[in-house]
Amino acid sequence: MKRVYVSRDMASVALGADEVAHAFEAAGCEVVRTGSRGLFSIEPLVEVESEGKRIGFGPVGPADIAAVLDGSHEARLGDVAALPFFAGQQRFTFARCGVIDPLSLKDYAEHGGWRGLETARGMTPQAVVDAVKASGLRGRGGAGFPTGIKWQTVLDAVSDAKFIVCNADEGDSGTFADRMLVEGDPFCLIEGMAIAGHAVGASHGYIYIRSEYPFAIAAMREAIQLSAERTAPFTLEVRVGAGAYVCGEETALLESIEGKRGQVRAKPPLPALAGLFGRPTVINNLLSLAAVPFILAEGAKAYADVGFGRSRGTIPVQLAGNVKHGGLYEIGFGITLGELVNDIGGGTASGRPVRAVQVGGPLGAYFPPSMFDLPFDYEAFAQAGGLIGHAGITVFDDSVDMAHMARFAMEFCAVESCGKCTPCRIGSTRGVEVMDRIIAARDSATVVQAGRNWEGYLQKALNSRTPDRIDTGLEAQTALLRDLCDTMKHGSLCALGGFTPYPVLSALDHFPEDFGAKSPVKEAAE
Amino acid sequence: MSDENEVMSTEDRLIYMANQIARNVAALGEAEAVAMTADHIRAFWDPAMKQRIALLAAARPGALSPIAAAAVGRVVAL
Amino acid sequence: MQQEDATRLIEDWTRTHGRTRDRLLPLLHMLQEEIGFIDDAAIPAIATALNLSRADVHGVVTFYHDFRRTPAGRHVVKLCRAESCQARGATAIEKAATDRLGVPMGETRPDGQVTLEPVYCLGLCAVGPNALVDGRPVARIDAATLDRIAQEIAA
Amino acid sequence: MSYTRETDHGTPPAISTGRSVTLTIDGDTVTMPEGTSIMRAASLTGCSIPKLCATDNVESFGSCRLCLVEVEGRNGYPASCTTPIAEGMVVRTQSERLKQLRRGVMELYISDHPLDCLTCPANGDCELQEQAGAVGLRDVRYGYDGATNMGQAKDRSNPYFDFDPSKCIVCSRCVRACDEVQGTFALTIEGRGFDSRVSPSQGRDFLSSECVSCGACVQACPTATLTEKKVVEIGTPDRAVVTTCAYCGVGCTFRAEMRGEELVRMVPWKDGKANHGHSCVKGRFAWGYAQHRDRILKPMIRASVDEPWREVSWEEAIAHTASEFRRIQAKYGTRSIGGITSSRCTNEETFLVQKLIRQGFGNNNVDTCARVCHSPTGYGLKTTFGTSAGTQDFDSVMQADVILVIGANPTDGHPVFASRMKKRLRQGAKLIVIDPRRIDLVKSPHVEASHHLPLRPGTNVAMLTALAHVIVTEKLYDEAFIRDRCDWDEFAEWADFVSEPQRSPEAVEPLTGVKATEVRAAARLYATGGNGAIYYGLGVTEHSQGSSTVMAIANLAMATGNIGREGVGVNPLRGQNNVQGACDMGSFPHEFSGYRHVSDDAVRGQFEQAWGVTLDAEPGLRIPNMLDAATDGTFKGIFIQGEDILQSDPNTHHVAAGLAAMECVVVQDLFLNETANYAHVFLPGSTFLEKDGTFTNAERRIQRVRRVMAPLNGHADWQIVQLVAQAMGLGWSYAHPSEIMDEIAALTPTFAGVHYDRLDAEGSLQWPANDAAPDGTPTMHIGGFVRGRGKFVVTDYVPTDEKTGPRFPLLLTTGRILSQYNVGAQTRRTANAAWHPEDRLEIHPNDAENRGISDGDWVSLKSRAGETSLRALITERVAPGVVYTTFHHPDTQANVITTDYSDWATNCPEYKVTAVQVMRSNGPSDWQRDYAEQARHSRRIAPLEAAE
């Protein structure tokens with residue numbers, strides 16, 4: 001009986017993988033549901049096993065199975081791993097993703113699973129923490145804080161209880177690495193958390209997954225049950241978000257687990273000293289924790305040898321938006337933006353010129369192609385007035401209206417603001433209003449473009465024109481926008497209000513013409 | 001108001017009070033109980049009440065418990 | 001009747017899952033799963049069960065956009081509005097969807113047949129515009145997809 | 001004192017670590033306790049950092065972002081409220097950059113705030129207005145036509161304050177005050193982001209929410225969002241006088257904030273050592289009775305109670321009173337009159353009334369309302385420890401690990417202290433509740449008792465002895481402490497007694513109705529859980545074994561070594577503002593001030609010398625005995641100051657009969673109270689706002705009462721007593737209450753160090769305050785008991801004679817409710833009626849069902865003493881077989897029901913146990929109707945014939 005591999009990843013399913021899998025089952029094949037390999041232009045992807053090798057076909061529809069089974073299908077890809085998109089990667093964290101049955105303990109063990117945990121349990125907690133320090137691993141949530149140092153603080157803290165919390169509240173548009181790993185290799189995260197528990201003396205962990213990821217929640221819950229014996233006495237539970245982007249902020253996430261409004265806590269105290277339920281808490285991004293098994297299994301050096309400057313190891317870059325070959329690309333730090341977008345991503349899906357990319361989600365900066373030589377590195381991005389964040393890259397073609405995107409950044413902040421601090425609570429709504437005035441002023445001067453009259457559903461912002469009372473001219477409003485961004489950036493309590501100025505100001509600085517500034521008028525789009 | 005309204009007469013109340021004190025200190029044993037009861041009446045009762053309980057003790061033998069009776073005897077003997 | 005249901009559900013659930021405050025979100029998820037929304041009338045029972053004040057619970061319910069205080073339509077379409085989908089034309093699709101489904105974003109159609117809601121990223125960012133239709137992910141939405149969705153909903 | 005707001009340092013003081021930190025703020029080098037916030041440190045050094053969300057009675061929050069500062073070597077601009085100081089830190093609180101940022105934040109605030117300052121009730125007293133000026137905001141470039149939260153409807157439902165959401169800046173101070181200070185959690189923020197709004201309960205109005213109207217939110221609000229209706233009506237105050245609340249025994253101190261002669265608001269005083277800036281609905285808001293139209297302002301007399309009252313001059317009233325008392329004494333003897341002091345009045349006034357009786361009447365027929373509440377406390381604690389008072393201060397509760405509450409309902413009776421206790425419980429202290437009712441403390445948001453022992457009323461001694469049985473038989477007692485502080489043989493005797501099998505939890509379970517396992521668990525927790533503190537109330541004292549129960553409690557504390565340090569002790573929660581003081585001042589018939597027996601020749605000698613008369617060495621009559629004597633015809637006249645014995649004393653019929661039998665009943669009170677229906681002379685009293693003096697609260701804290709307005713009746717109460725005394729030929733000439741306190745200090749060793757200048761300087765003193773304890777005594781019995789060795793007293797359980805039977809199958813117990821106070825004379829004359837318009841009878845569903853009673857039905861409540869009617873409230877708060885009601889409303893007259901049984905040692909009435917029958921009825925009983933008619937009849941006031 002033929003064995004075929006079909007992804008159960010939510011994106012693959014959204015593209016019809018379930019129908020394909022059912023068709024193969026109907027045709028009497030043994031269907032193994034895996035995670036996604038991470039290249040969505042070839043999804044739904046089917047890998048047919050013959051002579052111990054896996055031959056890939058994709059994209060494939062339910063109607064194509066006969067052709068796939070007799071090997072005649074024109075979308076034959078051969079050895080998927082050999083495709084350029086995969087051949088160039090350094091898969092440390094995502095090595096198993098797309099290859100194994102995510103909920104098969106057997107597969108996991110056969111593909112190097114649990115070795116990190118075994119090694120760690122053979123070491124003293126301090127030795128484990130030292131290894132993580134030596135690996136140079138930095139927080140993958142965006143701030144890039146050295147993970148080992150965080151662990152050391154928790155290890156040194158004295159308390160009746162300590163906790164490991166995994167931040168899988170992956171809300172940034174353009175990112176899906178957390179989702180893919182949980183759906184494609186959940187035991188890897190479990191192993192990483194168990195190692196963390198051993199390292200700092202915590203016996204219980206929480207994985208906070210956003211409710212927008214139903215597949216990941218189900219996979220994670222099942223994986224925890226399946227591996228409970230393996231990780232004992234360390235225990236884990238899943239907590240599901242409820243539609244609040246701000247809960248991706250670590251202190252808001254802790255409040256949410258405690259059953260409270262997801263409002264940001266002021267720091268100090270640091271969660272490492274007084275975190276969940278007031279106890280010392282390791283709260284790491286999923287990618288940080290998922291990198292740990294490799295570090296323990298292969299050694300800190302193997303991890304640290306890869307990378308660029310102070311950014312060590314690999315980063316699972318996510319190519320998203322209007323890009324031809326979108327997907328997950330794990331690679332050592334240092335690769336440039338241009339290589340990622342043009343060489344690996346293959347430019348836009350629409351075939352139009354790339355005009356801008358946003359790196360790091362809704363709080364990340366927009367970069368024009370003129371800055372594509374920027375290397376993927378925390379420091380380099382910070383210097384360029386941006387951030388790597390969760391390493392998502394969203395590509396836009398030349399039809400994008402950057403003023404609209406700046407407005408959206410403010411609108412998003414308004415929708416997701418927890419409402420605690422004033423710059424974010426009021427500032428984001430005022431930001432939308434200011435952008436509306438700028439756009440109105442601009443459009444009264446330049447050609448109105450199609451699709452521009454719809455500005456989202458934030459009603460309160462729509463009825464906010466004030467032509468007579470205040471100076472609504474471009475100069476005045478642009479100056480006000482800069483002042484507002486200054487107040488939000490330096491006044492906000494957390495990154496939501498504090499980083500929203502990045503997309504807004506980068507759009508304003510790099511694409512002034514969209515803000516009606518007297519500069520090369522761009523040729524009418526559409 | 002209600003005929004069934006049962007309120008003690010002053011004399012009944014005095015006897016009741018003396019017996020109640022005695023009952024509450026009885027656990028100390030006869031001797032100490034008598035002393036305690038006597039001290040208590042001496043310390044907290046007004047002269048008229050003391051006189052009256054003494055008369056009552058004489059007029060209504062058995063109304064007072066042994067301890068209370070002994071105590072009253074002591075108070076007025078003084 | 002609904003309220004007794006809720007009270008019983010809350011009792012059964014807390015008996016197995018505990019009564020500590022950190023159980024509030026899981027409890028609310030369960031109720032919404034079972035009943036479809038968080039009835040204001042159920043809040044006193046929730047408060048008693050976890051020994052919180054009604055205000056505590058109300059504050060939490062109203063903070064998280066997932067929790068509905070009124071029933072949703074028979075079908076729920078969550079359409080992504082985030083950047084990656086916008087880069088692939090979501091703004092136009094959103095406009096088309098509201099027209100095609102005959103309900104403004106964030107509202108339930110008067111006939112109760114469908115609720116159209118914004119969602120900010122489903123993690124399908126290379127294959128947008130995306131949506132969750134009654135929990136099922138749909139990618140690369142175009143006019144044709146919208147027609148299919150509209151037909152499902154009409155059914 | 002002219003009006004200045006109390007300085008607000010922004011964040012609470014740091015929890016002391018003993019270490020201190022040196023840093024530089026704006027160039028000045030300062031040293032502060034470790035853990036202090038930059039904001040507080042700056043404020044204490046005199047440089048104020050702009051702030052809106054920070055206030056020093058709640059934890060820092062960090063939301064307004066106005067308090068940003070620069071710290072050398074750190075990026076960004078940390079919020080000074082949430083950033084603790086650090087060694088060598090260099091802080092800049094003012095710079096062009098900071099000004100720019102703060103202005104940017106303020107510009108956002110004002111873009112969502114109405115610009116109606118001129119017509120705003122908070123104009124001139126608004127932190128937002130103040131800060132906008134401080135940061136120099138001149139323009140709001142966002143305009144005012146954008147999205148706003150303005151134009152929301154005002155919530156005027158609360159009778160005392162308005163909620164105007166349009167003015168809210170969402171600083172959450174109200175929410176945090178409700179959570180952290182009051183502990184009710186009635187407020188929350190609803191929604192999020194720009195739509196965040198303050199919401200009582202589930203978006204209700206305040207009155208129908210969980211709000212208990214303590215006022216903490218109003219006090220915390222920096223804008224006009226939460227404003228006292230009086231401020232809206234009168235305007236902002238122009239001066240403030242610190243004084244002490246006249247309600248319960250917690251003794252909260254307030255700033256009476258005045259505008260001219262008009263009282264605008266009472267604001268809890270942050271430096272008040274009893275309340276630390278917190279308050280309850282009574283002290284904070286329910287002072288309207290002071291100006292109520294029912295107040296009698298002219299003296300009145302009448303020959304008989306059938307006649308209408310006749311208004312007369314003070315001279316005539318005083319002269320009449322004096323001559324009547326003299327006439328009666330001439331006719332019936334020296335001991336034929338007496339008086340009752342009031343625990344609502346000041347120490348000075350109480351002292352004068354008992355002096356009037358001992359010196360002027362020449363007998364010891366003085367008693368006080370403590371007779372009916374805490375007299376057993378006096379007896380019990382004097383016998384066991386040597387002092388008739390609680391052992392701790394209120395702050396002590398913050399050190400307690402296990403709190404045992406018995407026969408008290410602090411959240412209703414002593415709310416401000418209850419908030420403190422709840423705070424400690426939220427910090428993790430364990431709670432044991434011994435009460436027939438499931439009081440709020442047993443389970444309320446964020447607080448839950450580890451053990452609730454719902455015992456049958458009247459079985460306190462059996463229960464406490466069972467607890468002792470477990471502690472002794474399981475060897476959980478503190479032998480070292482007992483050997484060191486107590487008499488070991490007495491302990492051994494007591495230990496043998498409690499160890500007897502018939503006193504085990506299992507053996508008494510049928511009596512108490514409480515599971516033995518629970519009792520054992522509770523005993524173990526109290527004995528082994530760390531600092532064990534016992535708090536009790538009238539549920540302990542108002543029993544036929546009240547005194548035994550108090551001593552049983554003392555035994556427990558001694559046996560476990562929970563006496564003589566912070567966090568432990570035996571703490572009576574005193575019912576009335578000055579019940580402790582009234583007792584201290586010698587209001588009991590057997591003792592002088594400082595609890596010294598009248599038969600003590602040395603002590604009596606002192607007083608005789610000071611007062612220049614010979615004093616009676618025999619104890620006088622207690623209230624019930626006075627009434628007996630009256631019905632017997634030997635007691636003919638009484639002077640009753642600020643006490644309504646007809647309503648507050650047991651067996652109303654008996655009281656009425658006694659009063660009716662007297663020839664001269666003089667009542668001094670604010671209102672024509674129920675007792676006045678039987679009075680011949682009425683002397684109008686003054687409120688606590690109209691006089692100087694002192695109150696002594698439950699923690700023995702002596703605090704000043706200060707006159708904030710002239711007495712409407714013309715004289716302060718102490719002056720009236722002095723007039724009577726002078727008319728009776730006593731040469732008194734006190735010019736000011738301070739002179740009375742000087743006399744008290746001179747004659748009372750425990751008060752030797754108490755003088756007004758010290759009280760004014762130090763705010764308060766806890767007695768004993770004398771050469772031995774110059775700074776007063778927060779915690780008693782440190783290192784040893786006042787009486788020498790602690791005395792274990794064998795307390796045998798003697799069941800009450802008040803027994804249920806076929807005629808009266810249920811047990812009635814009584815209590816009170818948060819919004820009403822005692823007999824309600826004051827609170828019924830305020831808007832507090834909004835919360836408790838009538839007394840209700842709590843009855844268990846089973847008992848109700850058996851009687852076909854449904855919620856809200858009129859029911860008749862009948863005991864062997866009498867009958868009344870009220871409406872039923874069906875609840876599982878009470879156990880089957882037990883019913884409960886409050887006694888705040890005279891038209892209910894719960895004390896018509898209560899019997900003449902009383903405590904064996906002190907005759908404190910057995911209010912808490914009455915055998916009753918409950919049946920459906922159709923409205924008030926005949927007696928209630930008769931009474932209402934008779935009351936109306938006897939309250940008639942004849943028009944004044946001639947002007948005085």
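This is a predicted model: local features need pLDDT of at least 70, side-chain atom pairs count only at pLDDT 80 or more; totals for chains, interfaces and linings use all residues.
1. Let me start with C:Cys125, which is buried, having 34 other C-beta atoms within 10 Å. As for its place in the fold, C:Cys125 sits in the loop that runs between S3 and strand S4 (131-133) of chain C.

2. What is C:Cys125 in contact with, once neighbours within four places in sequence are left aside? The list includes a run from chain A, namely A:Ser173, A:Gly174, A:Thr175 and A:Phe176. Also from chain A come A:Gln318, A:Ala320, A:Gly321, A:Gly392 and A:Thr394. Chain C itself contributes C:Ser84 to that list.

3. C:Cys125 also turns up in an annotation. According to the unreviewed UniProt entry, "binding site" covers C:Cys80, C:Cys85, C:Cys121 and C:Cys125. These four span 46 residues in sequence, but no two of their C-alpha atoms are more than 9.7 Å apart, so they gather at one spot. The annotation may be inferred rather than shown by experiment, so I'd take the label as the record gives it.

4. Now for C:Cys80, which belongs to strand S1 (residues 75-80) of chain C. C:Cys80 is buried as well, with 29 other C-beta atoms within 10 Å. Setting aside neighbours within four places in sequence, its contacts include two of the annotated cysteines, C:Cys85 and C:Cys121.

5. Stepping back to chain C as a whole: seven helices and five strands make up its secondary structure. In sequence order the pattern reads α-α-α-α-β-α-α-β-β-β-β-α. The C-alpha trace spans about 50 × 30 × 25 Å along its principal axes. Of the 155 residues in chain C, 48% are buried. Taking contacts in chain C between residues at least 6 apart in sequence, 61% join residues at least 24 apart.

6. How many residues does chain C bring to its contact with chain A? There are 39 from chain C, and they meet 49 residues of chain A. On the chain C side, the elements giving two or more residues are helix H2 (24-35), helix H4 (54-63), helix H5 (83-86), helix H6 (90-101), strand S3 (114-119) and strand S5 (136-138). By residue type, that side of chain C divides into 23 nonpolar, nine polar and seven charged.

7. On the assembly: four pairs of chains touch, and the most contacts are between chains A and C. Chain B has no contact with chain A, and the closest C-alpha atoms of those two chains lie 49 Å apart. Chain B and chain C don't touch either, with their nearest C-alpha atoms 43 Å apart.

8. One last item, away from chain C. Chain D has an open sheet of five strands with parallel pairing, in the order S20-S17-S16-S21-S22. Its edges are strand S20 (451-453) and strand S22 (570-572), each of which pairs on one side only. On average, neighbouring strands in this sheet are turned by 15° against each other, direction ignored.

Key: Residues are numbered from 1 along each chain as its sequence is written. Chains are lettered from A and ligands numbered from 1 in the order in which they are written. Helices (H or I, at least four residues) and strands (E, at least two) are DSSP runs, numbered from the N terminus. A residue is buried if 20 or more other C-beta atoms lie within 10 Å of its own, exposed if 12 or fewer, and partly exposed in between; C-beta atoms are placed from the backbone. Two residues are in contact if their C-beta atoms, placed from the backbone, lie within 7 Å. Ala, Val, Leu, Ile, Met, Phe, Trp, Tyr, Cys and Pro count as nonpolar, Asp, Glu, Lys and Arg as charged, and the others, Gly among them, as polar. Two strands pair if DSSP finds at least two bridges between them. Axes are lines fitted to C-alpha atoms, for helices over the stretch in contact, and angles run from 0 to 180 degrees between N-to-C directions.
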